[in-house]
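Here is a short report on one protein model. Please look over the sequence and the coordinates first.

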Amino acid sequence: MFFKNLLSTDDPRQIKDITRISESFKNIRANMMFALAGTKDECKIILFTSAEQGDGKSTTCINVAAAYADSNARVLIIDADLRRPKIARYTNTDRKATGLSDYLGGFCTLEEAIVRPEGLNFDCLFSGRVPPNPSELLMIDKVESMMKELSEKYDYIFIDTPPIGIVSETIYLTQFVTGVVVVVKKDSSHFKAVQESISLLEFAKANILGFVFNDAFDAKSKKYYYKRRRYYYYE
Ligand SMILES: Nc1ncnc2c1ncn2[C@@H]1O[C@H](COP(=O)(O)OP(=O)(O)OP(=O)(O)O)[C@@H](O)[C@H]1O
Ligand SMILES: [Mg+2]
C-alpha cells in the first residue's frame, strides 16, 4: 500500500514503479529498524521533518507508517503540521476532520480525535482545524501527557511536522520522540538549509536516525517518457 500521487499516469508500465516504490519504503523501514535497535523506548516515536517546504515529509511519513503497519505493528500517525496539514488529504479523509488542534484546544477527547480511515491498518490523529496560533498550541504541557498516553497504546508513532528551518514547533516536539528522520529532496533542498537544520537538531540533542533522500533520479529512466522517482534511506 502506498499513498498519494507518486505516480501520475495510469500507464501499465507504472506497475513496476509501484513495486519499486513499495520496496523502497520497505527498505526505509528496515534501515529505521536497525537505527532504532539500540533505543530503549517500548513505543518508538519517530518525527519526520525537513529543512524546507515541499521536500516530501508528509509523503514519506505516511508511506513509512503504512510499511510499518503492514508488519502488524500498532501504528499511529500524527499530523503535527497545523499550518499545512496533508495527512487527511493523503488518506482521502475530509480535511475538516477533528484532530490534534481540537484535542489540544479542549474541544474533544483523545479517543474522539483519533480515527482509523476506511481501508487502512493504522490510526490517524489528523491536524484538526487550522488554529490561529500553531506554535503556542503545540507548546503546552498537554502535548507531553498526550504523548505519554499514546505511547502506551501503540508500537510506533510517526509524527509529520512543518519544516524545521521555518517554524519553531518542530524543534520543540523533538524532546518527546525516540528519533528524527530528515527528508532531503534531490535538486530542491538547499545544502545550507539542511546543514542549519542538522545544527538545530544537534543543539536540541535530538537523536537523528537518518535521512531519506527523496526523488533520487535514476539515470536509466531517461528512456521512459515519465520520471521514475525512488526513495532511498541512508545514515
Ligand atoms: N518522490 C516523489 N515523487 C513524486 N512526487 C512527490 C515525491 N515526493 C513528494 N512528492 C509530491 O510533492 C508534493 C509535496 O510533497 P509532501 O506534501 O510530501 O511534502 P512536504 O515536505 O510534506 O510539504 P510541506 O512542507 O508543505 O509540508 C506532493 O504533491 C507530493 O505528492
Ligand atoms: Mg507536509
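This is a predicted model: local features need pLDDT of at least 70, side-chain atom pairs count only at pLDDT 80 or more; totals for chains, interfaces and linings use all residues.

Residues are numbered from 1 along each chain as its sequence is written, while chains are lettered from A and ligands numbered from 1 in the order in which they are written.

**Overall makeup.** The protein has nine helices and eight strands. Helices (H or I, at least four residues) and strands (E, at least two) are DSSP runs, numbered from the N terminus. Of its 235 residues, 42% count as buried. Buried means 20 or more other C-beta atoms within 10 Å of the residue's own; exposed means 12 or fewer; partly exposed lies in between; C-beta atoms are placed from the backbone. Two residues are in contact if their C-beta atoms, placed from the backbone, lie within 7 Å. Among contacts between residues at least 6 apart in sequence, 77% join residues at least 24 apart.

**Core.** The largest nonpolar core has 58 residues. Such a core is a set of buried Ala, Val, Leu, Ile, Met, Phe, Trp, Tyr and Cys residues joined through C-beta atoms within 7 Å. Ala-65, Val-75, Ile-77, Leu-100, Phe-158 and Ile-159 touch the most other members. Helix α2 (residues 57-69) gives the most to this core, with eight residues. Leu-100 has contacts that include Ile-78, Leu-82, Ala-113 and Phe-126.

Leu-76 lies in strand β2 (residues 75-79). Leu-76 is buried because 23 other C-beta atoms lie within 10 Å. Its contacts include Phe-122, Leu-150 and Tyr-154. Leu-76 and Ile-159 are 83 residues apart in sequence, yet 8.5 Å apart in space, C-alpha to C-alpha.

**Strand pair.** Strands β6 (residues 179-185) and β7 (residues 208-216) run parallel, joined by six bridges. Strands pair if DSSP finds at least two bridges between them. Val-184 stands opposite Phe-213 in β7. With helix α9 (residues 191-203), β6 and β7 make a right-handed β-α-β unit. Right-handed means that, with the strands pointing away from the viewer, the path from the first strand over the helix to the second runs clockwise.

Most residues other than glycine have a negative phi.

Conventions. Lists of a residue's contacts leave out its neighbours within four places in sequence.
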